[in-house]
Amino acid sequence: MATPAERACIDRLTRSGIRPSAQRVAIARYVLATDEHPTADRVWQRVQRELPMVSRATVYNTLQLLAEKGLVRQLVLAEGSTVFDANVEPHHHFVDDETGAIEDVPWSAIRVEGVERLPGLDVREHSVVVRGVRRPDTRQSGARRRNPSR
């Protein structure tokens, strides 16, 4: 019998037109509930704990499908590394140079002006990636979790 979290995930996938196989549900449950901005390999490693037989190809294909359906965003925040973000609302990112951790930055925290007036460009979207080091007095203990049913 499915847990409440699994049922919520199944409902969300179904509403998005995705057939909820056991593998897709396990992948979606993890990626939609984490703030980690995981790579596909990270998702594969985590999901393998629950479903050891899940293949890398299944994880990559499911993540691509989730991105196509608008449930996650695919981001390249570092050269050669694609991460997945379940926060599809407008926001920016902070990348910690020491740890590689990626954190969401509220849209309202950074003001960007003039994007719509760039000559000769029809801008579809924009965001800012801030890089640096988190001060020791502000380090977080543990990642915040998202509700996969949203």
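**Pocket, helices and core**

Reader: How do the residues lining the second largest pocket divide among nonpolar, polar and charged?
Author: The lining holds six nonpolar, five polar and two charged residues. Nonpolar covers Ala, Val, Leu, Ile, Met, Phe, Trp, Tyr, Cys and Pro, charged covers Asp, Glu, Lys and Arg, and polar covers the others, Gly among them. This is a predicted model: local features need pLDDT of at least 70, side-chain atom pairs count only at pLDDT 80 or more, and totals for chains, interfaces and linings use all residues. Residues are numbered from 1 along each chain as its sequence is written, and side-chain values use heavy atoms, with hydrogens and water left out.

Reader: Which lining residues lie nearest the centre of that pocket?
Author: R73, L75, E125, H126 and S127 do, out of 13 lining residues. A pocket is an open set of points on a 1 Å grid over the protein atoms alone, where a 1.4 Å probe fits and protein lies on both sides within 12 Å along at least five of seven lines; lining residues have an atom within 4 Å of a point. Two elements, β1 (73-78) and β3 (91-96), each give two or more residues to this lining. The largest share, five residues, comes from β1.

Reader: How much space lies in it?
Author: About 210 Å³. The volume is the space filled by probe spheres set on the points, which are joined across faces, edges and corners.

Reader: Let us step back. What pattern does the protein chain follow along the sequence?
Author: The order is α-α-α-α-β-β-β-β-β, that is, four helices and five strands. Helices (H or I, at least four residues) and strands (E, at least two) are DSSP runs, numbered from the N terminus. Along its principal axes, the C-alpha trace spans about 50 × 40 × 30 Å.

Reader: What percentage of the residues is buried?
Author: Of the 150 residues, 39% are buried. Buried means under 20% relative accessible area and exposed over 50%, with partly exposed in between (1.4 Å probe, protein chains only).

Reader: Which residues have the most contacts inside the largest nonpolar core?
Author: L13, V31, V43, L63, L66 and V72, in a core of 25 residues. A nonpolar core is a set of buried Ala, Val, Leu, Ile, Met, Phe, Trp, Tyr and Cys residues joined through side-chain atoms within 4.5 Å. Helices α1, α2, α3 and α4 each supply at least two residues, and α2 gives the most, with seven. There is also a second, separate core of five residues, including L75, L77, V83 and I102.

Reader: What does V31 touch?
Author: Not counting residues up to four places away in sequence, V31 touches P38, V43, L63, L66, V72, F84 and A86. Contact means heavy atoms within 4.5 Å.

Reader: Staying with α2, which of its residues are buried?
Author: V25, A26, I27, A28, Y30, V31, L32 and A33 are buried in α2, and they pack against α1, α3, α4 and β2.

Reader: And R29, is that buried or partly exposed?
Author: R29 counts as partly exposed because its relative accessibility is 24%. Beyond residues up to four places away in sequence, R29 touches A5, E6, C9 and E50.

Reader: Now α4. How far does that helix reach?
Author: Helix α4 (residues 56-68) reaches 18 Å from its first C-alpha to its last, close to the 18 Å expected for its 13 residues. The expected span is 1.5 Å times one less than the number of residues. V59, T62, L63, L65, L66 and A67 are buried there; what covers them includes α1 (4-15), α2, α3, β1 and β2 (81-85). Just after α4, G70 takes a positive phi of about 80°.

Reader: Why does T62 count as buried?
Author: Because its relative accessibility is 4%. T62 touches R24 and I27, leaving aside residues up to four places away in sequence. The C-alpha atoms of T62 and R24 are separated by 6.2 Å, although the two are 38 residues apart along the chain.

Reader: One last item: where is H37 found?
Author: H37 is in the loop between α2 (22-33) and α3 (40-50). Phi of H37 is near 55°, a positive value in a residue other than glycine. H37 counts as buried, since its relative accessibility is 4%.
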